[in-house]
Amino acid sequence: MNHEPKHTRRDFVTTAAAGAGSLALSTTAFAADPPKETTMNSAPAFQSSDTLKPLPFDPAKLNSLSERLIRSHWENNYGGSVKALAVVKKRLADALADKDLPPYVYNDLKREHLLRTGSVVLHEDYFDNLGGSGRAGTGERQAIAKAFGSFDVWETEFRRIAAGLGGGSGWLVLGFNQHTRQLENYWMADHAHGPAATVPILVMDMYEHAYQMDFGAAAAKYIDAFFQNIQWEKVAARLAASGATKV
């Protein structure tokens, strides 16, 4: 004798309807509570544009710096960091959503985040303070002389630091430290290590890619060329915006 329960067509329809209702509720709940990845990727802290900031000058018109050098530097070195930063930001959002990812693996991405951020900012500051006549105005000279004793003392130290970085890598920054309220020249080994609380006033790239194409290993010739093309009007604007001229 067959004792298995009998299922009527009505039972089947009722069960199917209940299942469909549960699925609908589940779908609604999912839509109302998006996955963490979506939320993180849309947060400003995890976003970065991969669009390069245009050069603020005609690279064919610089004095003693070739258009080929400037365009290669802008497109490949600066542009590479802009694009890499956008990728790293997205990867950070995805990695943070992975609860099983070890912190030391996440921090590898954070290290790259620090390096690429520094590279983008410093390159943009560098290109922004090029394209000028190389002749400092009265206001800039006075502000710098007040901090260093004379404009010539500042230039002597700036050039000496640059020469010391020649053949290697790093950055040279005239910056206003908003904590100590001092205008100083800073030696920087790479993109990641800069002085705290400091606003860049004049930025010089001393990585070999900034001059090798034109000057080979002759960094001293590049230093001279840099001084011939400083956009001192930009320096003046940065001095005013930082508060350095009020000290």
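1. The lining of the second largest pocket comprises 6 nonpolar, 2 polar and 2 charged residues (Ala, Val, Leu, Ile, Met, Phe, Trp, Tyr, Cys and Pro count as nonpolar, Asp, Glu, Lys and Arg as charged, and the others, Gly among them, as polar). Its lining residues include Lys-146, Phe-176, Arg-181 and Gln-182. H5 contributes the most, with 3 residues.

2. The model is predicted: local features need pLDDT of at least 70, side-chain atom pairs count only at pLDDT 80 or more, and totals for chains, interfaces and linings use all residues. Residues are numbered from 1 along each chain as its sequence is written, and side-chain values use heavy atoms, without hydrogens and water.

3. The largest pocket holds about 250 Å³ of space (a pocket is an open set of points on a 1 Å grid over the protein atoms alone, where a 1.4 Å probe fits, with protein on both sides within 12 Å along at least five of seven lines; lining residues have an atom within 4 Å of a point). Its lining has 15 residues, with Leu-122, Met-188, Gly-194, Thr-198 and Pro-200 nearest the centre. By class, 9 are nonpolar, 6 are polar and none is charged.

4. There is 1 cavity of 30 Å³ or more (in a cavity the probe fits but cannot get out; a volume is the space filled by probe spheres set on the points, which are joined across faces, edges and corners). Trp-74, Tyr-78 and Phe-127 are among the residues lining the largest cavity, whose lining has 6 nonpolar, no polar and 3 charged residues.

Definitions and conventions:
Helix = DSSP H or I, 4+ residues; strand = E, 2+ residues; numbered from the N terminus.
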